[in-house]
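Student: I have a structure open and would like to work through it with you. Can we start with how its parts meet?

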Amino acid sequence: MSSPVEREPLLRVEGLTKAFGGIRAVDELNLAVAAGELRCLIGPNGAGKSTLFSLLSGIHQPDAGRIVFKGEDITELSPFRRVRKGICLKFQTTRIYRGLMVGENLTIARGKVRGTNGRLEWALGVLGLAGETARPAGELSHSHQQWLEICLALATEPELLLLDEPTAGMTPEETALTADFVIKLSGQGVTILVVEHDMAFVRHIARGVTVLHYGRVFADGTLEEIEANHEVRRIYLGEQ
Amino acid sequence: MRGPLGIFSRVGGRQDLGRGAAFWVAFAIVALGLVAFPLFGSAFYLSNLANFFVYVPMGLGLCLLWGYGGILSFGQASFFGISGYVYGIVAQNLSLTPGASLLGVAAAILATVIVAALFGYFVFYGQVSAWIIPLLTLVLSLILETFMAQTAGYQWRIGHVLLGGYNGMTGIPSIQVGPLEFGGASIALYLLTVIAMLLGYLGLRLLVNSHFGYVVVGVRDDVERTRMLGYNVARMQVTVFALAAGLAGLSGVLYVSWGNYINPSSMGLYAATLPVIWTAVGGRSSLIAVTLSTVALKWLADSLAVRGGEYAFLIMGALLLATMLFFPAGIVVSLNRLWRRARRQAP
Amino acid sequence: MTTDEKKFDVCVPTDAADASGTGGSSAGLTRRDLIKAAAVTGAGVLAAPALLRAQAAGGAASIKFGLLEDRSGNFAIFGLNKWHGTQLAIKEINDGWTLDGGVQGPGGPGVHAKVAAKPPTTNIKATVDNGGAPARDDTVWTEPAEYLLKSGDKGVLGRQIELLAPDPQSDNTQFQTLARRLILDDKVDVIMAGFASAEREAIRPIMDQNKMLYFYNNQYEGGVADKNTFCTGAVPEQQIVPVMQYMIKNFGPRIYTLAADYNFGQLSAAWTRAMAPLLNAEVIGEEFIPLSVSQFSSSIAKIQEAKPSWLMMYITGQNHSNFYPQANAAGLKFPMGSSINIAQGYEHRRFAPPALNRFHVTASYMEEIPTPRNKLFVKRWRAMFADEPYLAMEGHSAYVATHLYAKAVRLAGTTDKATVVKALESGLGVEAPAGWVFMDPATHHLSQYIRLARCDEKHNITFMTEWPHIEPWWTRRLGVNLARTAEYKQYIPDEDPFFKMFQKKKG
């Protein structure tokens, strides 16, 4: 894996700041993600992980700083345009169209694109959704609903996939399956940022890890480096 | 869902009640019956039925907007009225030009769509909270009614056509194509309203089963999700709003062709509420339900006026109340569910 | 009597109580009626029109009389009154009575009904020269109390009149639907319909399309010139001009107008503005009130500031009638003149004294008219409708119109509408309870016997002066002569150059 600083990163965040009612959820945060990277974002509660995702996807506007995607400043861009640029978010609490069938969910997500999306077909197969197109999405199990949401995101053909706690509420087997899936997906060239609490998942992924604390990057490195970092351990233990 | 016969499978899609051979056979029989009715119906019945069918496009527009799009609007009557007035102004001013009434129809529907798009632009691009939208549309209809009601004087005219104030605009010519006049008691107008109703229904059914239709439903079910899948939600909402308004405009020109008259109460509070009642009572999630309920409720109101007199208001109000309490999804939709459940349970 | 009342029962769909003559101004909502109405509706009668018509048809040869007056909704109090007037007239006609009068030509009053108690048999001058008393107007002019004559007919041309009166519910589109129903389905011979001008204008095109004979029996802003339409209500030249004359003479030339902000109010105010200079007066202020307003504090303040000689009142509807108690409470003591309130909506009965104190109105009819003839009329009306709250102006118009129609059909010898129109244009005058009235052939409007009523602080009505015969001259001045040239429109004051001609004069 080449070092991120050698070529222009896919995503660059500079001095990003967002406050909610006086509290800085994200505080002059700097981050760079290279194309094709698979990285986990961890940190104690309130560290700003989900806020960062909402800023990246455009749900919220930052108070200061900028976001550069593929060399273009997208800070002012509305959310739907960012999706068209290639950033797609899987929400922390699953958002799918519960009243519609799985197939109909996918129809909406795919847009007016003609032709088949090979990656999507593969994903549906791996995640056990291939035969479920006629099932109402609300009837799927919780894990399948989360997988469906990942597939919806994939249907938009993203270059940068933001997964916010994809394994929340999953069994260890389902977590492992998800991790395998994410690794294979990364191998296909999709840049993926994952916010996770489940360290088993993070270890299974075994790639780069960024630790956020009080809205800033606290530590950044490989899984081994982060695991060995006493400061990281302290902030986690100290919070509990 | 995407078979070789794309359009047919789409029209028959699951975004509306009634699928399969049995439904479509029944639909065809009813449609043929309606078209053949002039052979054995009196001029009065043709005129009366035409009056009911006139309002179906407007009801269908609201069904699309509210049932499928999730946007409750009291504005359909406003667009009905704008259309009627614009047609009256254009058709009467150009009365000596051949094809004047067709120009009037085009101008009326165009004006309606433009006003709706403008209104929608401010509402949806302005990210107004969803719950305020019904109030804004209600305010629109009140403003229009109040404004038009005070245009009584001679200075309130466009070309040589007086707006008429509270008394309304009279002498509006019926739509005329060559020698064919679509007058209030004519077979031509009856057939035109039947065609408008059938095409409106089929066209919308095609639309809601198309990709666009699914996205509209997506916007209704989860705006944020749809936005985050790359859709310009505001533009979609304006489009649906303008489409619904255009359908109300179609009803408007059909109405003035039938009655040769329009006045501000066509845009007032009572008129604004009626489409909402038709849609709610039938079941806003289904186009066929709203078609049936619009015709049924207009027929009911007519019957009550003739036979029931002062009980009319009571009965309509009681009906609405009963629907809200016992059939919140709408009478037709609820009955359909009960029937399907009964069928499943049958030995 | 009973046969005819039973006929009523069959024809009038809702009110069983009416048949027994116990009055039906507020029909009791019995459960039986409600269930009957619901059952009939639920039966899906659309498929079986023939059955319904068989039930309603009183007899193959009856004359079908269509009436569309609001019995529910905003205008119900006016519509019920007119419905009763029509029913009373139809009963009298079916029993063989008719209003005294006939074809007279516009020879003026006194041609037919006015006879002296004793015709002068000696030379007047000689009598006076010899010291005898001079002849006096009031002896020549006497009005017999009895206004009904035997028609020599049972019904009209031997046919009974059958009343078909569905309720349009104060809804303009219902007017249209029901008008079409009466014309195409029931195939009526005449239609009398409408209270508000909007209601009239909604159906007048339908009447014209179908060449249906149509009577509009209500005061209004004037100007209708329609071959198929006859108007029996008063128009501005008959009400506004006289009341202005009286008020200016008695109270002064500074007029402040308060008008409802819609056609009637706007056009009446235009008449006042135009006529004021001709009567040496001036409109010093005008305010147009939207129909929905019921709070008048700012209007009252403006009036107090303007200090007019008197107020010209053109307000209408339930909301606007709140002005009177509010003005009274604020201590407003200006005299008020009107062409509409009291006579039509009986505010002097509905509001507590002295809210309508100093109110003056020029009416074509009021229940309080003290002539023996009117007392007889009121007695007959209340015998049939004991619970009638008030005999308003337009109930009288409806009554007169119905009798006029019957006379015209008798004269025409047929119910064919075009022929009846010609008969109505022949110069018919009748002894209405208000006084002798005449249907003008050229304008299709009725001359009116106008009385100026004054309401005092106890809400008693006194008639201060009267104009026994005011012709509907306005559309005639515009050149309307429907007997010669058919027209189908409504004129408005702006089309009349005379309205602006004398405005420059500022005294």
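Student: What area is buried between chain B and chain A, and what percentage of it do carbon and sulfur atoms give?

Tutor: Keep in mind that this is a predicted model. The contact takes 23 residues from chain A and 19 residues from chain B. Carbon and sulfur atoms give 63% of the area buried between the two chains, and that area is about 2,100 Å².

Student: What is the N to O distance between the side chains of R225(B) and E149(A)?

Tutor: Side chains of opposite charge can pair when their charged atoms come close. The rule for a salt bridge asks for a nitrogen of Lys or Arg within 4 Å of a carboxyl oxygen of Asp or Glu. Two salt bridges are counted between chain B and chain A. For R225(B) and E149(A), the N to O distance is 2.7 Å.

Student: Which element gives the largest share of the side of chain B that touches chain A?

Tutor: Polar contacts between chain B and chain A come to 11 residue pairs. On the chain B side, α9 (211-221) and α10 (223-227) each supply at least two residues. The largest share is six residues, and it comes from α9(B).

Student: Now chain A. What is the strand order of its open sheet of six strands?

Tutor: The pairing in this sheet is mixed. Neighbouring strands are turned by 20 degrees against each other on average, direction ignored. The order is β6-β7-β8-β3-β9-β10.

Student: Why is one side of β6 and of β10 in chain A left without a neighbour in the sheet?

Tutor: β6 (87-90) and β10 (216-221) of chain A stand at the edges of the sheet. One side of each is without a neighbour because each has a single partner strand.

Student: How many bridges join β9(A) to β10(A), and which residue stands opposite V209(A)?

Tutor: Strand β9 of chain A covers residues 208-213 and runs antiparallel to β10(A). Five bridges join the two strands. In β10(A), the residue opposite V209(A) is G221(A).

Student: Which helix of chain A packs on this sheet?

Tutor: The helix touches β3 (38-42), β6, β7 (160-164), β8 (191-195) and β9 of chain A. Its direction makes about 145 degrees with that of β7(A). The helix, residues 49-57, is α1.

Student: How many residues apart are R66(A) and E14(A)?

Tutor: Their side chains meet in a salt bridge with an N to O distance of 3.0 Å. R66(A) is in β4 (residues 64-69), while E14(A) is in β1 (residues 11-20). The pair links distant parts of the chain, 52 residues apart.

Student: On to chain C. What area is buried between domain 1 and domain 2 of chain C?

Tutor: In the contact, 30 residues of domain 1 of chain C meet 25 residues of domain 2 of chain C. Carbon and sulfur atoms give 56% of the buried area. The total is about 2,800 Å².

Student: Which element gives the largest share of the side of domain 1 of chain C that touches domain 2 of chain C?

Tutor: Across this interface there are three salt bridges, and 18 residue pairs are in polar contact. The elements giving two or more residues to the domain 1 side are α5 (76-94), α16 (372-384), α17 (393-412) and α19 (474-477) of chain C. The largest share, four residues, comes from α16(C).

Methods:
Residues are numbered from 1 along each chain as its sequence is written. Chains are lettered from A and ligands numbered from 1 in the order in which they are written. This is a predicted model: local features need pLDDT of at least 70, side-chain atom pairs count only at pLDDT 80 or more; totals for chains, interfaces and linings use all residues. Side-chain values use heavy atoms; hydrogens and water are left out. Two strands pair if DSSP finds at least two bridges between them. Axes are lines fitted to C-alpha atoms, for helices over the stretch in contact, and angles run from 0 to 180 degrees between N-to-C directions. Contact means heavy atoms within 4.5 Å. Buried area is the accessible area (1.4 Å probe) that two parts lose on being put together, summed over both. A polar contact is a pair of N or O atoms within 3.5 Å; within protein, one must be able to donate a hydrogen and the other to accept it, and residues adjacent in sequence count only if both atoms are side-chain atoms.
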